[in-house]
Structure formats: structure tokens, C-alpha cells
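User: I would like to learn how to read charged side chains and strand pairing in a model of this kind. Could we work through some cases together, with the general idea before each one?

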Amino acid sequence: MLQPVASLATVDSVYDVVIRHGRVLDGSGNPWILADVAISNGRFVRVGRVTGRGRREIDATGKYVSPGWIDMMDQSGSVLPRGGLAENKLRMGVTTAIGGEGGTPVAAARIPEYFATLERQGISINFGSYFSEAQARTAVLGQSSRAPSSAELDGMRAIMDTAMRAGAMGMTTALIYPPSSFAKTDELVEMAKVAAKHGGVYASHIRGEGKEVVQSVREAIEIGERAGLPVEVFHLKVAHQPGWGILMDSVRQVVEAARARNVDVAADLYVYTAGGTGLEATIPSWAFEGGRDSLRARLADPITRARLKGEVLTGSPGWWNIIEAAGGWDGVVLVNAQNPANERYRNKSIAQIAKEMGKEPPDVAWDLVMQGSARVMAVYHMMSEPDIEMALRFPWTSIGSDAGAVAQVGVDDPSAFPHPRGFGNSVRVISRYVRERKVLTLEEAVRKMTSWPATRMRLSDRGVIRVGAWADVTVFDLEALDDRATYEKPTELASGVDYVLVNGVLVIDRGTHTGAKPGHVLRGPGAAAPNAARGASR
């Protein structure tokens, strides 16, 4: 209940916001304390008994007050310039997002302009981004699969250096997708050395997440170890049914052996048994050399298409067989055809569509890809609940959605990827794996979404409720938390997150977006900007 102004302290004890009587989780894994939290000028200024008044008072009786949740594997880079509200993120408690699996949406030289645009237009969440090695590679080599010459590698290094100086948080790869898949380990080591020079992180969608997952994690560790920088394995999973219950523990052993020899390696994950990506991932990688026109020509050639269909069964060097990972075409479900004529097949498996069309599944999938006006998207059912639970228990895992903000909630975005992780992932960590299945304690789940990812990304003044830190806050009702999004209805907003503050400004008020855009751009440690603009301080 709001206290009368007359009963509170004098004007010199006025705060911007006071959150009262909440169960305060500091983010470090400690049990909650019953306390008030006072905020002024965007930062926490008092935790405990607050006698002064707030210009805005929030009664958190019976609720939990947590640092704002951090999405370690975000896809909002191209959306935020079009719409910075990020309501789906905020409604599931996320206040900070780290994007860039595919890099920044602009070239390295334009990153300062990109960040300045976000700051000028305003964003409702804090946002930082990696730069992709493939961006540098493509700028120099185009869609060629060959290795760069010494001079070309120097040109690629210069591009990475530009990106890091502009504020990229590190270097990413997405090694199942061409042209990233064309890069060999030695090339990636040399490029990662540039990111290391600027204090960056190497983060990777590893080369394979199925039967080869352990080998692929080893490669990521090798790159970080040789280049001298931290390693983040994106969306850790075992997408191979024969390896369920076995390979995830093997990954643990490899990671912990590396950490024991002083390699800073960790991982993030989302908490769904289906992944999602473009349907073009079902095409062996070599067919993409030369770009989309070359791919189209190869698919139109009956002899080449027959070869590709054979490789779906036999495998192809340098290509992760995501069809095998999904257990066959029954596990591959179309979710965005990018073509009105094909929308009637939405939420049907490729096997089912093939039966309706009287065609072979590879022909269906690849024709859909070619008929799409943009990237045709699919959901791949390929992971197990026990593996998710095992990975959640690893102390070095954090939480990442592999999903972006939407430009506007409730408005259909043809470019969006419909997967429930974009609307429910962080809430689901608590509602399902803390409250229902008791895989994690509440304190540990919050740590994985706050202080641990902040520590990983060197955001020293975020991820904790501590005097002097930036006041990113999520206030939630544990019993009311519900990740309502499903595969059939992937854009249902989560419930139970009542208030969210970003840099001390109320952005979600009783479950409603206020329209405020107080988010900061988080620049990496190599940014050639004043310290106040860098990720460590903002």
C-alpha cells in the first residue's frame, strides 16, 4: 500500500523509486532478504529499511525483487532500429540482451552510426552486440569456400579490429551456416586473436550439435585457448537421440577439464526441446558457395539435386545434418513460409507436406526455400528434457533465448520467427524448472540470469542489486509466473512479471509497457569511447 506523503521523510530524502517490502534476491545466489530498495539517477542507492519516500512507490509485498534478467543469446539487432520497445522481452523480465550470433546488422565501419541511431531513437532494454567473423570473411572473400590468402587474412583482421574498436563485444561464428561453415579452425584462431586484443569474447554456434557435439565444443575451446580469450558456447544442446543422456555429460567433462587448465569457457541455453532456424539448413553447405543465385542454379539442376538428396542420407563434409538431428523429416516443422501461397502448410511437418503434395521431403523443403521471399523458417524437434535439466544444473551455464524482440506486440511481422522461446524463455526457467520440476533453486535460477551473465560479459555494475549498480529490476510473483507461449501459439505473452525497471526507469508497470526507452547501448571493452559509454559502466 502506498504510504501518505506526510508520514514519510523530508524533501531531502526523496528517491526516484522505492520498491517496498519485497523479497530481495541480490542476484549472486544468496537467499532473499525482506527489504526496501531505493533508486535515484538510474542506480540503486539504498537496500534495507528506506525511511524516505519515492516519487514512485511500488508495493512488492509477497513478490520477489530481482536484478533484471539478462538474455545471453539474443537476436534483436535488426529489430531494435525499427521498434525499440522490446515488449516481449520485457514482459518476460529481460532488461539486457546480448545479440550478434550473425553479427551486427551493419558493416564494421558503420557500427558507430548504428549504435548512435539506437541511442537517438531510444530502446527500452540494454543492448550489446558481437561482430561475426563471417561478416569480415564475406567482405573480403564473398561467398567463396576457399581459405584466405595472407593478404586477405590481413584485410579480415582489419575489419574485425574496426568492429572491436567500435564497441563490438567480441567475435561470433555460426559454423553450421555457410559462409561461416567454410572457415577452418586456424582461420578462426587468427581472427579471434584480434578480438582478444580488445578484451572480447569468442561466442559460437558450434560446428555441430548432434553426434559431433563434443568434437565441436573441443574446437570452440581450442580457438579460445589458442587465441587467448573467453569462450561462450551458444545454445548448448544435444540434438541426437542416440546420444541423449550421454553426450551432455561428455560436454560437461570437456568444459570442466578446460576450465581446470584455466580456459574461460561457459555456455548458455534455452529451455525448449525444439530448436529453430532457416529451412535452408537442410541443404548441404557446399551448395551455397557463390551465393543464392548459385544455390538456385544447383537446385534447379536434376543431377546436382539428386547428389544433394543422396548426401542427406550419407552426410556431406563440413555440413551438420540437422534432418538427422531432428530424427527425420517428421521432426522438421514449417513455421514461416515467407510466401502467401505456402502459408497453408504452416505448422505442418515437411514429411506431412510431402505426403499431401506427393513429393519427396527434400524436394518439398528445398522448393519452399526457393519460393520464399525471405528466409523460410522451421522448428526442429531434436532435444530431450533430461538433457535440458542436466545442462541447467551446470554452474557455468546461463540463459539465452536465441530469439529477438518483436517490433510491436500484437502486430504480425512477416520477418519474425515464431518460436515460443521469444516470448517465454526466461519465465519458463523459473515457472517450469524451479517451481514445477525443482531442477534449480530460485536463487540459482536468478543467478544464471543476472550476476553470472553480467560477470561473463564484464558488466561489472549490472546483474546485482547493490548500491551503486545500475537499477535494472524485475519484480515477479512466483506463483503467477507462466510462460504461456506454445509452438502452436508462440506469441502469447508471459504472465507474472509485474514491474520491470531499466536503468531506474519503470518500463513495465503492473504488466503494461509504459512506452519508456531508457535502455543503454552496451559497448565492448575495446570501444574507442569514454569509459562512461562502455559496457562496463553502462
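User: Is Asp74 buried or exposed, and on what grounds?

Analyst: The model is a predicted one, and burial is read here from relative accessible area, where buried means under 20%. Asp74 has a relative accessibility of 1%, so Asp74 counts as buried.

User: With which residue does the side chain of Asp74 meet in a salt bridge?

Analyst: The general idea is that side chains of opposite charge can pair when their charged atoms come close. In this case the partner of Asp74 is Lys89, with 2.9 Å from N to O. Because Asp74 belongs to strand 6 (residues 69-74) and Lys89 to helix 1 (residues 87-90), the pair ties together parts that are 15 residues apart in sequence. Lys89, with a relative accessible area of 0%, is buried.

User: Which residue forms a salt bridge with Glu187, and which parts does the pair tie together?

Analyst: Glu187 forms a salt bridge with Arg137, and their closest N and O atoms are 3.0 Å apart. Here two helices are involved, since Glu187 lies in helix 5 (residues 185-197) and Arg137 in helix 3 (residues 133-141), so that parts 50 residues apart in sequence are tied together. The relative accessible area of Glu187 is 7%, which places Glu187 among the buried residues, while Arg137 is buried at 0% relative accessibility.

User: Where do the two residues of the salt bridge between Asp36 and Arg20 lie?

Analyst: The side chains of Asp36 and Arg20 meet at 3.4 Å, N to O, and the pair links distant parts of the chain, with Asp36 in strand 2 (residues 33-40) and Arg20 in strand 1 (residues 15-24), 16 residues apart. Both Asp36 and Arg20 are buried.

User: How many salt bridges does the structure hold, and which residues are linked in a network?

Analyst: The structure holds 49 salt bridges. A network of salt bridges links Arg305, Lys309, Lys359, Glu360, Asp363 and Asp367.

User: Turning to strands, why is strand 14 described as largely enclosed?

Analyst: The reasoning again rests on burial, for which the cut-off is under 20% relative accessible area. In strand 14 (residues 274-278), five of the five residues are buried, and therefore the strand is largely enclosed by the rest of the structure.

User: In which sense do strand 14 and strand 16 pair, and what stands opposite Ala274?

Analyst: Strand 14 pairs with strand 16 (residues 377-381) in the antiparallel sense, over five bridges. Opposite Ala274 stands His381, which belongs to strand 16.

Definitions and conventions: Residues numbered from 1 in each chain as written. Predicted model: local features only at pLDDT ≥ 70, side-chain atom pairs only at ≥ 80, totals over all residues. Heavy atoms only, no water. Buried < 20%, exposed > 50% of the residue type's maximum accessible area, 1.4 Å probe, protein only. Helix = DSSP H or I, 4+ residues; strand = E, 2+ residues; numbered from the N terminus. Pairing = 2+ DSSP bridges. Salt bridge = Lys/Arg side-chain N within 4 Å of Asp/Glu carboxyl O.
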